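Come along while I look things up one by one.

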Amino acid sequence: RQPHMAHLKAVYRGLRIIGLVLFYYVFSIGITFYNKWLMKDFHYPLFMTLVHITIIFSLSAITRRILHSWTGKPRVLLSWTDYLHRAAPTALATALDIGLSNWSLLFITISLYTMTKTSAVLFILFFSLAFKLEE
């Protein structure tokens with residue numbers, strides 16, 4: 001009976017992973033087409049990115065407060081030095097990635113946009129090797 005249960009758990013886990021990947025792809029493709037549609041009439045992609053990041057920041061702050069009040073666990077607090085050295089470079093890179101990606105939709109097709117975005121994995125690999133983050 002135990003091997004049968006292990007098999008069912010593996011199948012369930014596989015179906016869950018496939019479902020999550022499909023969920024990601026549907027929303028990723030959907031937001032690409034939505035941004036392209038929005039850029040036809042609204043020619044302020046960097047402002048749109050600013051609003052987007054502000055909404056994410058606000059929702060994250062609200063979620064942290066709700067989870068803190070629900071679980072009672074103390075919040076993790078970072079010093080300003082940690083913010084500047086660890087969080088700020090990642091935040092800046094992410095903001096530039098989103099902002100410039102949205103801006104590019106004013107000038108290129110979705111096909112070229114998709115090909116360019118999927119090549120980002122190669123750049124991540126290159127820079128991780130260049131900065132010796134990976135061997």
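Which residues make the nonpolar surface patch of about 810 Å²? I found Y44, F47, L50, V51, I55, L59, I62 and I66. I keep in mind that this is a predicted model.

Entry on confidence. I looked up the mean pLDDT of the protein, and it is 87. I also noted that 98% of the residues reach 70 or more.

Entry on L59. Is L59 buried or exposed? Its relative accessible area is 52%, and exposed means over 50%, so L59 counts as exposed.

Entry on the record. UniProt, in an unreviewed entry, places "transmembrane region" at residues 15-34, 46-67 and 105-131. I checked two of these stretches in the model. Residues 15-34 are 100% helix, with the end C-alpha atoms 28 Å apart. Residues 46-67 are 100% helix too, and their end C-alpha atoms lie 31 Å apart.

Entry on aromatic rings. My search of the whole structure gave seven aromatic pairs. One of them joins F42 and Y44: the ring centres are 5.4 Å apart and the planes stand at 70°, so I wrote down edge-to-face. Of these two residues, F42 is partly exposed at 29% relative accessibility, whereas Y44 is exposed at 55%. Y44 also belongs to the nonpolar patch I began with. Elsewhere, I saw ring pairs link F126, F127 and F131 into a cluster.

Definitions and conventions:
Residues numbered from 1 in each chain as written. Predicted model: local features only at pLDDT ≥ 70, side-chain atom pairs only at ≥ 80, totals over all residues. Heavy atoms only, no water. Patch = residues over 30% accessible without salt bridge, like charges linked within 9 Å, V, L, I, M, F, W, Y side chains within 5 Å. Areas by Shrake-Rupley, 256 points an atom, 1.4 Å probe, with all protein chains shown as cover. Salt bridge = Lys/Arg side-chain N within 4 Å of Asp/Glu carboxyl O. Buried < 20%, exposed > 50% of the residue type's maximum accessible area, 1.4 Å probe, protein only. pLDDT = per-residue confidence, 0-100. UniProt positions renumbered as here; feature names shortened; annotations may be inferred. Helix = DSSP H or I, 4+ residues; strand = E, 2+ residues; numbered from the N terminus. Phe/Tyr/Trp six-rings, centres within 6.5 Å; stacked < 30°, edge-to-face > 60°.
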